[in-house]
Amino acid sequence: MMQSAAGQTLSSPNRHVASLGKGGAVFHCTPEVAAIFQRWHIASCPVDPQRTIIFPIGVAIEPHTSFPTPLEYCEVPQLGAFSYSHSVIERGLSVGRYCSIGSGCRVMAHRHPAEWATTSPFAYQPEAYFMTAHLALGSRDFVMTGYDGDLAAMPRIGNDVWIGQDVLLARGITIGDGAVIAAGAVVTKDVAPYTIVGGSPARMLRARFTDKLVEAFLATRWWDYDVRIFECSNFRQPERFLADVARVKAEATLPHYRPPALTYEVMRAALAPAA
């Protein structure tokens, strides 16, 4: 359930909204809510008022995307156009356009301080049940300080990235544009654009293209266009594809794809008349 800043779940008179809070809203999967997702061509929200979908403030999901909806609830991810995921995308994970994510992709939990005298979170993490132990045993002056590794950011995934099945990603890493992550990989470091990595820990297996072609791909930013770019180009031949995209850019025959994204604010406004 979404909670307020004071930790309280806020009720709403809107039958589509299960709860409101400072961080966003929890929506029932009513036909009206599902219809909004359908209008954005997002294949993820079922029609089932008994199920809910969390929409955090600050998250924007572009059209023509897909992500799984668990039986319990689903949280809307930061997902770029023409991307899909067969894995539940955790909050804070940013995914670019034209990405393909297989099932079983997970993000590692927070790091523990192996360089300290102890790795136990009882020494640094101010969770309620950790503090209970200190208070119960008389450690009333102990101050939980935390550490930077405990706050590591979620991974960032670029554009046109393919992540195979059962991949584990470390926090704080960046997966570059055009990269490929082999199934079963444990990725602990940044992955350079247009490289293929695999193994545990993941290592570079090979580059997808020559350095010259990689530089050209990154310069084209072809993912700024919608799927009609594939009609204007020979995507089976990388060199020809780059030439075709350069021609499209020079002739301005296809505009950049800048669709309105589905956000919490858009959802609330669309459902307001039915409140």
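First, the basis. This is a predicted model, in which local features need pLDDT of at least 70, side-chain atom pairs count only at pLDDT 80 or more, and totals for chains, interfaces and linings use all residues. Residues are numbered from 1 along each chain as its sequence is written, and side-chain values use heavy atoms, with hydrogens and water left out.

I begin with the cores. In soluble globular proteins, nonpolar side chains tend to be buried together. A nonpolar core here is a set of buried Ala, Val, Leu, Ile, Met, Phe, Trp, Tyr and Cys residues joined through side-chain atoms within 4.5 Å. Buried means under 20% relative accessible area, exposed means over 50%, and partly exposed lies in between, with a 1.4 Å probe and protein chains only. The largest nonpolar core has 46 residues, and Phe37, Ile157 and Ile175 touch the most other members. Two or more residues each come from strand 1 (17-21), strand 2 (24-29), helix 1 (31-39), strand 4 (48-56) and helix 5 (264-271). Helices (H or I, at least four residues) and strands (E, at least two) are DSSP runs, numbered from the N terminus. Helix 1 gives the largest share of this core, 4 residues. A second, separate core holds 18 residues, including Phe82, Phe209, Val245 and Val248.

What does phenylalanine 37 contact, leaving aside its neighbours within four places in sequence? Its partners are Ile42, Cys45, Ile53, Phe55, Val76, Leu262 and Met267, where contact means heavy atoms within 4.5 Å.

I turn to the aromatic rings. Rings of Phe, Tyr and Trp (its six-membered ring) pair if their centres lie within 6.5 Å; planes under 30 degrees apart count as stacked, over 60 as edge-to-face and the rest as tilted. The count comes to 14 aromatic pairs. The rings of tyrosine 194 and phenylalanine 209 have centres 5.8 Å apart and planes at 50°, so this pair is tilted. Tyrosine 194 sits in the loop between strand 18 (186-187) and strand 19 (195-198), and phenylalanine 209, 15 residues away, in the loop between strand 20 (203-207) and helix 3 (211-220). Both tyrosine 194 and phenylalanine 209 are buried. For tryptophan 222 and phenylalanine 241, the ring centres are 5.8 Å apart and the planes at 90°, so the pair is edge-to-face. Tryptophan 222 and phenylalanine 241 are both buried as well.

Next, the spaces. On a 1 Å grid over the protein atoms alone, a cavity is a set of points where a 1.4 Å probe fits but cannot get out, and a pocket is an open set with protein on both sides within 12 Å along at least five of seven lines; lining residues have an atom within 4 Å of a point. The largest pocket holds about 180 Å³ of space. Among the residues lining this pocket are Tyr194, Phe209, Trp222 and Phe241, together with Asp160, Arg208 and Arg236. The structure holds 1 cavity of 30 Å³ or more, and the largest cavity has about 50 Å³ of space. Its lining includes Ser85, Glu90 and Arg106.

Finally, two single residues. Serine 94 lies in strand 10 (residues 94-95) and counts as buried at 17% relative accessibility. Alanine 136, in helix 2 (residues 128-136), is exposed, with a relative accessible area of 62%.

Terms used. Points joined across faces, edges and corners; volume = space filled by probe spheres on them.
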